[in-house]
Structure formats: C-alpha cells, structure tokens
Amino acid sequence: MGKTRHTLTSKHYLSKWAKSSLIASFILSGSLLLGVFGYHVWGELTWLDSLVNASMILSGMGPVDPIRTDAGKWFASFYAIYSGVTFLTSFAIFLSPLVHHFLHHFHLGEKND
C-alpha cells in the first residue's frame, strides 16, 4: 500500500492556530475575571488592585498586595494553584498546531508499511 501524505495549506494551518489562540484567550480571560472577582470579594481589594493581583498571579509573577482576610487567603492559595495549571494548559493549547505541524513535517508518529 502506498503512503498518503497529509499536508496543511497555509490557510488551514493559520485557521487552526487562530482557533487555538481564541480558545487559549477565552481560558485566560475567564481566569482573569475569576481572579479579579475573588480578590475583590474575598480579599477586600479595590477593583484595580484586584486586577493587578490577579494579573500578576496568573502570569506567574506573584502577588502585589498583602491579603488580610482569612477568606482572601484561602482564595489566593487556590487561585495561585489554579493559575499555574491554567497558564501552562493555555500555552499548550496555543502551541498545539505548531507541534502538530512539526510532527507531520518530520513524519513522526507515522507507521511504516
């Protein structure tokens, strides 16, 4: 049996990357909104301070303002763990079309007949 080679056109490849970028953006945006809300409600920070803290935690930089309430500390702990996993997952989703294209380009994972 002959081998069939699947190639992606540039348009199809860019479409896949746009879709992955959109999914990663939605995940990060939702996570940022969750963090802003949580820091505001349970951390008793202003909306702007909540945005700064959520952005810094989500990007892996660390908190800016000290959290004084117990509920805020609980939220900050779980949000930090969630953010680490979410950031890595979003990055993987964003890069998946590139990795997939790389694997196909070098015929990795194809079975020899």
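This is a predicted model: local features need pLDDT of at least 70, side-chain atom pairs count only at pLDDT 80 or more; totals for chains, interfaces and linings use all residues.

Q: What does the secondary structure of the protein come to?
A: The protein has three helices and zero strands. Along the sequence, the pattern reads α-α-α.

Q: What share of the residues in the protein is buried?
A: Of the 113 residues in the protein, 23% are buried. Buried here means under 20% relative accessible area.

Q: How are two packed helices described?
A: The description uses two values, the angle between the axes and the distance between the axes. In this structure, helix 1 covers residues 10-41 and helix 3 covers residues 70-105. The two pack at an angle of about 175 degrees, and their axes are 9 Å apart.

Q: Are helix 1 and helix 3 roughly parallel or roughly antiparallel to each other?
A: An angle over 145 degrees counts as roughly antiparallel. Helix 1 and helix 3 are therefore roughly antiparallel. The residues of the contact of helix 1 with helix 3 divide into 18 nonpolar, nine polar and one charged.

Q: Where is Ala54 found, and is Ala54 buried or exposed?
A: Ala54 is in helix 2. Its relative accessibility is 0%, so Ala54 counts as buried. From Val36, Ala54 is 18 residues away in sequence and 5.6 Å away in space, C-alpha to C-alpha.

Q: How far apart are Gly38 and Ala54 in space?
A: The C-alpha atoms of Gly38 and Ala54 are 8.7 Å apart, and the two residues are 16 residues apart in sequence. Gly38 lies in helix 1. With 0% relative accessibility, Gly38 counts as buried.

Q: Which residues make a nonpolar surface patch?
A: Phe37, Val41, Trp42 and Trp47 make a nonpolar surface patch of about 420 Å². One of these residues, Trp42, sits in the loop between helix 1 and helix 2, where helix 2 is 47-58. Trp42 has 39% relative accessibility and so counts as partly exposed.

Q: Where is Glu44 placed, and is Glu44 buried or exposed?
A: Glu44 is in the loop between helix 1 and helix 2. At 62% relative accessibility, Glu44 counts as exposed.

Q: What should be kept from this reading?
A: The protein follows the pattern α-α-α, and helix 1 and helix 3 are roughly antiparallel. The loop between helix 1 and helix 2 holds Trp42 and also Glu44. Gly38 of helix 1 and Ala54 of helix 2 are 8.7 Å apart, C-alpha to C-alpha.

Notes
Residues are numbered from 1 along each chain as its sequence is written. Side-chain values use heavy atoms; hydrogens and water are left out. Axes are lines fitted to C-alpha atoms, for helices over the stretch in contact, and angles run from 0 to 180 degrees between N-to-C directions. Helices (H or I, at least four residues) and strands (E, at least two) are DSSP runs, numbered from the N terminus. Angles under 35 degrees count as roughly parallel, over 145 as roughly antiparallel, 65 to 115 as roughly perpendicular and the rest as oblique. Ala, Val, Leu, Ile, Met, Phe, Trp, Tyr, Cys and Pro count as nonpolar, Asp, Glu, Lys and Arg as charged, and the others, Gly among them, as polar. Patches are made of residues with over 30% relative accessible area and no salt bridge: like charges are joined within 9 Å, nonpolar side chains (Val, Leu, Ile, Met, Phe, Trp, Tyr) within 5 Å. Accessible areas come from the Shrake-Rupley method with a 1.4 Å probe; for residues, only the protein chains shown count as cover. A salt bridge is a side-chain nitrogen of Lys or Arg within 4 Å of a carboxyl oxygen of Asp or Glu. Buried means under 20% relative accessible area, exposed over 50%, partly exposed in between (1.4 Å probe, protein chains only).
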